[in-house]
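Please look over the sequence and the model together before reading on. The paragraphs below move from one element to the chain as a whole, and then to a few side chains.

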Amino acid sequence: YITALSVKEGDYVMEGGTVVQLSNLSTLWAEAQVYSTQMSFIHTNEAVAVQIPGTNETINGTIDFINPEINPDARINLVRVTIPNKNNALHPGMPVYVSITNKQRKSLTLPSDAVLRDSKGATVWIQIKPGVYEMRMVTTGIEENNSIEISSGLTQGEVVVTSGAYLLNSEYIFEHGSNSMAG
């Protein structure tokens, strides 16, 4: 593959001068975008599976580099994966899907709509007794498929408002005249 053409028609080339630069594409990099909340579960030299859309082919690779800089607009990090390019079937710029399999773990999860987030943190409404609710600060973890992990702030068995949390919060603010998390 030609990566640079140093001369054009009619140019004089000295003996030993560069005419074209060729690229070795026997290995390529696949870049994956990872949410910053998931970065603690990703490590260099970790095995990954890279799938090319439109084919059933899966290529095994390893994480080569984790960019320490977070994109502030999207809150994502870039992770670079080195993959072999057998028979030069892959080309730079092709889209790919990168899958990382981590160890399973047990955790409390809630629907994403149950967690209210603002600049002060994440909160949920829990039921103290029938008809009585209290807001509680929680620490969140991985968010995936409309579910969010709760790292701390809740214990198993507590009843959490999973539908209508925004309505409950709005009603509290309307009745008390301030944000429930202000004090």
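The expected span of a helix is 1.5 Å times one less than its number of residues. In this predicted model, helix α1 covers residues 165-176, and its 12 residues reach 16 Å from the first C-alpha to the last, close to the 16 Å expected. Just after α1 comes glycine 177, which takes a positive phi of about 75 degrees.

The protein chain holds 1 helix and 12 strands, and their order follows the pattern β-β-β-β-β-β-β-β-β-β-β-β-α. The C-alpha trace spans about 85 × 35 × 25 Å along its principal axes, and the radius of gyration is 25 Å, whereas a compact globule of 183 residues would have one near 16 Å. Of the 183 residues, 25% are buried, and the chain exposes about 13000 Å², with carbon and sulfur atoms supplying 50% of that area. Among contacts between residues at least 6 apart in sequence, 54% join residues at least 24 apart.

Which parts of the chain does the aromatic pair link? The count of aromatic pairs comes to 1, and its members are tryptophan 125 and tyrosine 172, whose ring centres lie 5.9 Å apart with planes at 55 degrees, so the pair is tilted. The pair links distant parts of the chain, since tryptophan 125 belongs to strand β10 (residues 121-129) and tyrosine 172 to helix α1, 47 residues apart. With a relative accessible area of 4%, tryptophan 125 is buried, while tyrosine 172, at 30%, is partly exposed. Another ring, that of tryptophan 29, has the charged end of arginine 80 sitting over it, 3.8 Å from the ring centre.

A last stop is leucine 90, which is found in the loop between β6 (76-84) and β7 (97-99). Leaving aside its neighbours within four places in sequence, leucine 90 is in contact with Leu28, Ile52, Ile59, Ile83, Pro84 and Asn85. Leucine 108, by contrast, is 18 residues from leucine 90 in sequence, but their C-alpha atoms are 41 Å apart in space.

How values were computed
Residues numbered from 1 in each chain as written. Predicted model: local features only at pLDDT ≥ 70, side-chain atom pairs only at ≥ 80, totals over all residues. Heavy atoms only, no water. Helix = DSSP H or I, 4+ residues; strand = E, 2+ residues; numbered from the N terminus. Phe/Tyr/Trp six-rings, centres within 6.5 Å; stacked < 30°, edge-to-face > 60°. Buried < 20%, exposed > 50% of the residue type's maximum accessible area, 1.4 Å probe, protein only. Lys NZ or Arg CZ within 6 Å of the ring centre and 35° of its normal. Rg over C-alpha atoms; globule rule 2.2 N^0.38 Å. Contact = heavy atoms within 4.5 Å. Areas by Shrake-Rupley, 256 points an atom, 1.4 Å probe, with all protein chains shown as cover.
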